[in-house]
Protein chains: 2
Amino acid sequence: MTRKAVVLLSGGLDSATTLAIARESGYACQCLSVDYGQRHRAELEAAGRVAKALGAEVHRVIRVDLAAFGGSALTDPAIPVPRAPSSGIPVTYVPARNTVLLALALAWAEVLGAQDIFFGANAVDYSGYPDCRPEFMRAFERLANLATKAAVEGRPLVLHTPIIDLTKAEIIRRGTALGVDYAITVSCYQATATGLACGSCDACRLRHGGFEAAGVPDPTRYVT
Amino acid sequence: MTRKAVVLLSGGLDSATTLAIARESGYACQCLSVDYGQRHRAELEAAGRVAKALGAEVHRVIRVDLAAFGGSALTDPAIPVPRAPSSGIPVTYVPARNTVLLALALAWAEVLGAQDIFFGANAVDYSGYPDCRPEFMRAFERLANLATKAAVEGRPLVLHTPIIDLTKAEIIRRGTALGVDYAITVSCYQATATGLACGSCDACRLRHGGFEAAGVPDPTRYVT
């Protein structure tokens, strides 16, 4: 029987590549997108397209209202998304976001009987986010293996972060080789309702630079 | 300035006692209840009463639809709540519930600038739940201190679990000494809409036994 894996899918470039890697590794992919009140809603629609295009078995969207807490440019309309690079941890950091995403993935994995979670975190380009670091991922895996009935009964969980150490260009080359159509993904922090990218936020700049460095034409649809 | 603490408040006996302890310790208590689709909805109303009675500064309810995943008698109407004790991990265990609750508390704590979370987990009476054990709590604290901007910038988080090693009778004596009115709390897994307890589920039996052992009259309102 094919092993099931829960794949966190945001609709962006990184998680689409991670899904392609999980499928290539032979997993039956159960994709989970989290509607946490992010301002870039077009991402969630992109996630649905990506799940379908890359042969996910199931795609589920779960709501959790992190916007009620505020504190981030991605969830609080009063905090603008920066249009230029900044130093330190950016205001687009969503407090404890990856902890919440992984906790939800763990809950679903346990219900499904899945022992594998794939997460497209990347520590290279987003080094400003503390919860994208490899030591955070190891600490979550350790927590997960104390948290669940499955782990207690001898079915430990493995957290896969296959692109964590790759540059954006390496991610794009890997995904391109696996047949990922990046035209259907949305990375922009303030994409329009139809998924057009602004071209100037951190996410757009990193993404565009990645295509340039990879020598792959950038298929992103930008606001003109 | 009074230090803020996030206190997870379910509306049951354990979390009410934990709130009383946090307040006694001098914290300005920011109570968080999570509506995760639990069948015992009267708990959430009880949480509001408890927060008010014990002088919480703020009480917030956040929704996350764990019921969409199913897999527990507490969230899936198709799985009945057992009326007699069982061996092993009970079907009332909600997959990864405490990981999700703590992740949400962490998110709010970071936004508030709070460095303390109080959680009324108890490892004695509920030893069947893996995510109530002290080693799980330590692993979460470790994760939290890798996860957040606050921790990276030198404001570490402390996870307080003041009743984790107490028996139910000890918890009740402690709370009674601190003025907790247990009549307004709801512990029953299948309480009626008005908060009447069934008297036969695991939670009711542990609670009633606790009052007996503590020599405190049981103020619980039962279905007659």
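1. Helices here are DSSP runs of H or I with at least four residues, strands are E runs of at least two, and both are numbered from the N terminus. With that in hand, A121(A) sits in the loop that links strand 4 (116–118) to helix 4 (134–147) of chain A.

2. Before going on, a caveat: this is a predicted model, where local features need pLDDT of at least 70, side-chain atom pairs count only at pLDDT 80 or more, and totals for chains, interfaces and linings use all residues. Residues are numbered from 1 along each chain as its sequence is written, while chains are lettered from A and ligands numbered from 1 in the order in which they are written.

3. Buried or exposed, what is A121(A)? It counts as buried because it has 24 C-beta neighbours inside 10 Å (the cut-off is 20 or more other C-beta atoms within 10 Å, with C-beta atoms placed from the backbone). Its contacts (C-beta atoms within 7 Å), leaving aside neighbours within four places in sequence, are N98(A), C132(A), M137(A), T161(A) and I164(A). H160(A), 39 residues away in sequence, is 9.7 Å from A121(A), C-alpha to C-alpha.

4. Now helix 1 of chain A, residues 13–24: its 12 residues reach 17 Å from first C-alpha to last, close to the expected 16 Å (1.5 Å times one less than the number of residues). This helix is mostly covered, with 11 of its 12 residues buried. The cover includes strand 1 (4–8), strand 2 (28–35) and helix 2 (42–53) of chain A. After the helix comes G26(A), with a positive phi near 95°.

Notes
Contact = placed C-beta atoms within 7 Å.
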